[in-house]
Structure formats: structure tokens, C-alpha cells
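Reader: I would like to learn how to read the features of a protein model one at a time, with the general idea set out before the particular case. Could we go through them together?

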Amino acid sequence: MKQTISLIALLAATPALAQDTRHMDAHEHGVGALYIAIDGTTVAMEFSAPGADIVGFEYAAQSEADRAAVDAAVATLATPLDLFVMPAEAGCSVTQASAALESEYEAHGDHDHDEHEHEDVHEHEDHEEHAEEAGHTEFHAQYTLTCANPQALTEIAFAYFDRFENAREVEVQILGPSGAQAFEVERDAPTLDLRSLF
């Protein structure tokens, strides 16, 4: 896990991508962000996308159907090789995968669910209203892959677009053997050519 975080931190700190990183921090419907760092046989990935892209809404899940949609999305996002399909020749396998839904309200540390477990219903309703006003929800996922033959990572097919119909684009930043590069992958051209990385 530490290795994943250090690789992603290295990628985010790359000066050539600093401008793009600031742009990608903006929450834009239809647009997800994927960071990839390749170090030897280790491929670290960090993915984020607006809640609207993944489940079709951005408010806190309220109904059973909402909660079921979020649970299904988290389960799908925890299977990276089904979303970001890599060549079989690369021999990639998942060593770590996690996914979660976060709201801007929670991400800024303004609310801790454990502290408020015993609050009365009225206070809870006020919180729900405030959470909706506070902003957006985003899905975040982190993956660590081991690829036996990383030189065979010549492309990534974004099956992600098939799974999530509201997604239009993924902005990708990659740190590989030949340095840092940025790409945009769109729904109508869902394959990323990585031959320039090696």
C-alpha cells in the first residue's frame, strides 16, 4: 500500500504534469481522472470520477435503490482489469484494489459519522441538507497491479465506458520508463495507445 501511495505522490509531483493536475482537480461531470505509475513490474493506479458519472446522482444515497447502486458501483470499481483492460501478454494481476464513495463534505473533514451516531433525527436531516449543499460526491479507487511483462503494456482498452453510461472522458496521466505523459481517452475512442511509454 505504501508503494502505491509513493508512486502516485511521485506522479502528482512531476512538474511537467503539475498544470494538468490542477486542471484535473476540478469536478466536471462526465470526466474521470486516472493516474498510472509504472515502476518495474509494479503498476499503481488511482482513479476518480464524479458520482453522477457512476451512479447517475450526486446526493447522499437515501433510498434502498440508491444504496444498492452505490454498492454495485463500488464492487465494479474494485475490479480494475475489467474496467481498464490490458494486453494478456503483459501478464497483469491485481495485488490490491479498493474503491469508495466520498462526498466533498466528508473529504474536507467537516463530518465524522462515528461522532454523530447518536444524534437525533432532526440534526441528521439538517446534516443531509448541508451535505447536499456542500457539493458533489466522487468515487475513488486505488489499485496495485503486478505485470510480469510490463513492456507488453502497449495499450489499455477502457471497458469502463461500457459499464458507466454517463462517463464521457477520462483524463490520464502516466509516469513510465520514458517519463511523464498526459492523455485524454474518450467514449468514442476508448483505447489508450501506450507504445510511446517504452
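## Reading the features

Author: Let us begin with a single side chain: Arg 67 has a relative accessible area of 37%, so that residue is partly exposed. Please keep in mind throughout that this is a predicted model.

Reader: Which residue forms a salt bridge with Arg 67, and how far apart are the closest N and O atoms?

Author: The general idea is that side chains of opposite charge can pair when their charged atoms come close. In this case the partner of Arg 67 is Glu 64, and the closest N and O atoms of the two are 3.1 Å apart. Glu 64 is exposed, because its relative accessibility of 60% is over the 50% that the word requires. Both residues belong to helix H4, which covers residues 64-77, and they sit 3 residues apart, about one turn of the helix.

Reader: How many salt bridges does the structure hold, and which side chains besides these meet in one?

Author: The structure holds 2 salt bridges, and in one of them Asp 193 meets Arg 195 at 2.5 Å from N to O. Asp 193 is partly exposed at a relative accessible area of 35%, whereas Arg 195, at 58%, is exposed.

Reader: Let us turn to the disulfide. How many does a search of the whole structure find, and which cysteines does the disulfide join?

Author: In general, a disulfide is a covalent bond between the sulfur atoms of two cysteines. Here the search of the whole structure finds 1, and this bond joins Cys 92 to Cys 147 with an S to S distance of 2.0 Å. Cys 92 belongs to strand E4 (residues 92-103) and Cys 147 to strand E5 (residues 137-147), so the bond ties together parts that are 55 residues apart in sequence.

Reader: How should I read the aromatic pairs, and how many does the structure hold?

Author: Two values describe such a pair, the distance between ring centres and the angle between ring planes, and the structure holds 9 aromatic pairs. For Tyr 160 and Phe 164 the centres are 5.5 Å apart and the planes stand at 50 degrees, so this pair is tilted. Both residues are buried, Tyr 160 at 0% relative accessibility and Phe 164 at 6%. Ring pairs also link these two with Phe 47, Phe 84, Tyr 143, Phe 158 and Phe 161 into a cluster.

Reader: Which residues have the most contacts inside the largest nonpolar core?

Author: The largest nonpolar core has 39 residues, and those with the most contacts inside it are Phe 47, Phe 84, Phe 158, Tyr 160 and Val 172. Strand E5 gives the most to this core, with 5 residues. Leaving out residues up to four places away in sequence, Tyr 160 has among its contacts Phe 47, Ala 49, Leu 83, Phe 84 and Val 170.

Reader: And for the protein chain as a whole, what share of residues counts as buried?

Author: Of its 198 residues, 41% count as buried, and the secondary structure consists of 8 helices and 9 strands.

Methods
Residues are numbered from 1 along each chain as its sequence is written. This is a predicted model: local features need pLDDT of at least 70, side-chain atom pairs count only at pLDDT 80 or more; totals for chains, interfaces and linings use all residues. Side-chain values use heavy atoms; hydrogens and water are left out. Helices (H or I, at least four residues) and strands (E, at least two) are DSSP runs, numbered from the N terminus. Buried means under 20% relative accessible area, exposed over 50%, partly exposed in between (1.4 Å probe, protein chains only). A disulfide is a pair of cysteine sulfur atoms within 2.5 Å. Rings of Phe, Tyr and Trp (its six-membered ring) pair if their centres lie within 6.5 Å; planes under 30 degrees apart count as stacked, over 60 as edge-to-face and the rest as tilted. A salt bridge is a side-chain nitrogen of Lys or Arg within 4 Å of a carboxyl oxygen of Asp or Glu. A nonpolar core is a set of buried Ala, Val, Leu, Ile, Met, Phe, Trp, Tyr and Cys residues joined through side-chain atoms within 4.5 Å. Contact means heavy atoms within 4.5 Å.
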